[in-house]
Amino acid sequence: MSDPYFGREQTKAKHFILKSYLQALAFKVLNFSDVTYVDGFSGPWESKTTDFSDSSFMIAIHVLKDAQSQVLTRTGKRRRIKCFFSEKNARAYSQLASAVAEFHKPEDDFEIKTYEGNFEDAVEIIRPFVGTSFPLIFIDPTGWTGYPFDKIRPLFAQAKCEVLINFMYDFINRFAHSADQEIIDSLAPILGGADWPKRLDGNISRGLAVEKLFRDTLQKAGNFEFVISTKIDKATAERPHFFIAYGTKSTEGLKTFRQIEYDALRRHAKSRANAIEAKREERSNVVDMFADHRAELSEATVEEIVAEQKRLAAGHMLELLIQHGALKFSEVVPALLQPFMLRETNVKDICVDLAKAGQIENVWGTGNRKPRDEDVIRLRPRQ
Ligand SMILES: C[S@@+](CC[C@H](N)C(=O)[O-])C[C@H]1O[C@@H](n2cnc3c(N)ncnc32)[C@H](O)[C@@H]1O
């Protein structure tokens, strides 16, 4: 079968993030709680398969079923999993409803509810459906409307709750400069009110400032401890296509997401290189014998980004230590993972490098040892 994601490299990256994230989250959360997955904009949409295996709802069903059975085998306890799918388009809804029907098995603790209509109008149906379980909310619109924070805020009320939102950067960026009051007003529900143009960070480009304000607004609306985002570039052009924003109330979630993001970006870099090559071959009709090598090179650019982020994060860490005196390693990690695209392992390496350079104390020992949660990181006193 041909690749259902051919020409849809961004969707492939989005689905990889969703799948990996659900896998990691489901295994962790099912140890202590039931889970409800809420997909506000379910589709199917541009699906290329007959079984919808390239749609977010089917990906989620398979991952969650698999996690439930693995947790049952490991712990002897079968957790309850529920999925809520809303879809506005009548044709897509009927495809969705018939595709998911066979997986609705309350007797096996796997329950599915579908809703035809606007996601924002389903809030009062979703809340009791979630009950006391752990909600994971996925919002994947085609534009920027349909999920006004004031209306959907109750979905984020629980002490434990996570959200993934596809922020349609490329599309929004085209309108972000508009002075048209109607457009400004239409962005207000996700940017904290119609005065949003006055609250943009003037030090970065307008598009990126809008994305930043969006994250800040989401953080406040959902009372999230951390909101970060992953930039997914256009497949064949050097500019962002969309951002996947992630909100969590836990440091563990933040750490997990940064790992998934790293894996996804490496894979996306490879897909992009292949897509660019396919486009070039189509134009010139000549096969490039070095295409594989080129894909490896583009994966290397992810490493370059990480190296640059590490450099900036090291400076930020020194500033934090000047401000706070000393911090546990377990506090340093979220303080760096929130603003920088780094994983916990990178933060360990930053500490080791700064200690080698004589800038912080080495309290974790020599050899291959690296800092652990309880280690207290502090500046090295000047001799
Ligand atoms: C980008 S597609 C979703 C793709 C899907 N999540 C996937 O990855 O396979 C957005 C879907 O949301 C539907 N939609 C648009 N506005 C909506 C709304 N206000 N409420 C619910 N669904 C909506 C569209 O009909 C479309 O099927």
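Helix 1 and helix 2 are roughly parallel to each other in this predicted model, because the angle between them, about 25 degrees, falls under the 35 degrees that sets the limit for this description. Helix 1 spans residues 9-29 and helix 2 spans residues 56-75, and their axes run 9 Å apart. The crossing of the two helices is right-handed. On the side of helix 1, the contact is built from His15, Leu18, Lys19, Leu22, Gln23, Ala26 and Phe27. Helix 2 brings Ser56, Ile59, Ala60, Val63, Leu64, Ala67, Gln70, Val71 and Arg74 to the contact. Sorted by class, the residues of this contact comprise 10 nonpolar, 4 polar and 2 charged ones.

Helix 2 also carries Lys65. With a relative accessibility of 34%, Lys65 counts as partly exposed. Setting aside neighbours within four places in sequence, Lys65 is in contact with Phe103 and Phe110. Between Lys65 and Ala26 there are 39 residues of sequence separation, and their C-alpha atoms lie 9.8 Å apart in space.

Helix 11 (residues 329-337) packs with helix 12 (residues 344-356) at an angle of about 115 degrees, and the axes are 10 Å apart. The range from 65 to 115 degrees counts as roughly perpendicular, and helix 11 and helix 12 are therefore placed in that group. Their crossing is right-handed. Phe329, Val332, Val333, Leu336 and Leu337 form the helix 11 part of the contact, and they meet Glu344, Val347, Lys348, Ile350 and Cys351 of helix 12. This contact has 8 nonpolar residues and 2 charged ones, with no polar residues.

Attention can now turn to helix 4, which covers residues 123-130. Its buried residues are Val123, Ile126, Phe129 and Val130. Seen down the axis of helix 4, these residues fall within an arc of 125 degrees, so they line one face of the helix. Glu124 and Pro128, on the other side of helix 4, are exposed. Just after helix 4 comes Gly131, which takes a positive phi of about 55 degrees.

Glu162 is found in strand 5, which covers residues 162-167. Glu162 is buried, because its relative accessible area of 4% is under the 20% cut-off. From Glu162 to Leu321 there are 159 residues in sequence and 30 Å in space, C-alpha to C-alpha.

Leu312 sits in helix 10, which covers residues 291-324. At 38% relative accessibility, Leu312 counts as partly exposed, since this value lies between the 20% and 50% limits. Leu312 and Phe340 are separated by 28 residues in sequence, while the distance between their C-alpha atoms is 8.2 Å.

Definitions and conventions: Residues numbered from 1 in each chain as written. Predicted model: local features only at pLDDT ≥ 70, side-chain atom pairs only at ≥ 80, totals over all residues. Heavy atoms only, no water. Buried < 20%, exposed > 50% of the residue type's maximum accessible area, 1.4 Å probe, protein only. Helix = DSSP H or I, 4+ residues; strand = E, 2+ residues; numbered from the N terminus. Arc of directions from axis to C-beta. Axes fitted to C-alpha atoms, helices over the stretch in contact; angles between N-to-C directions. Parallel < 35°, antiparallel > 145°, perpendicular 65-115°, else oblique. Left-handed = near helix turned anticlockwise from the far one by under 90°. Contact = heavy atoms within 4.5 Å. Nonpolar A, V, L, I, M, F, W, Y, C, P; charged D, E, K, R; others polar.
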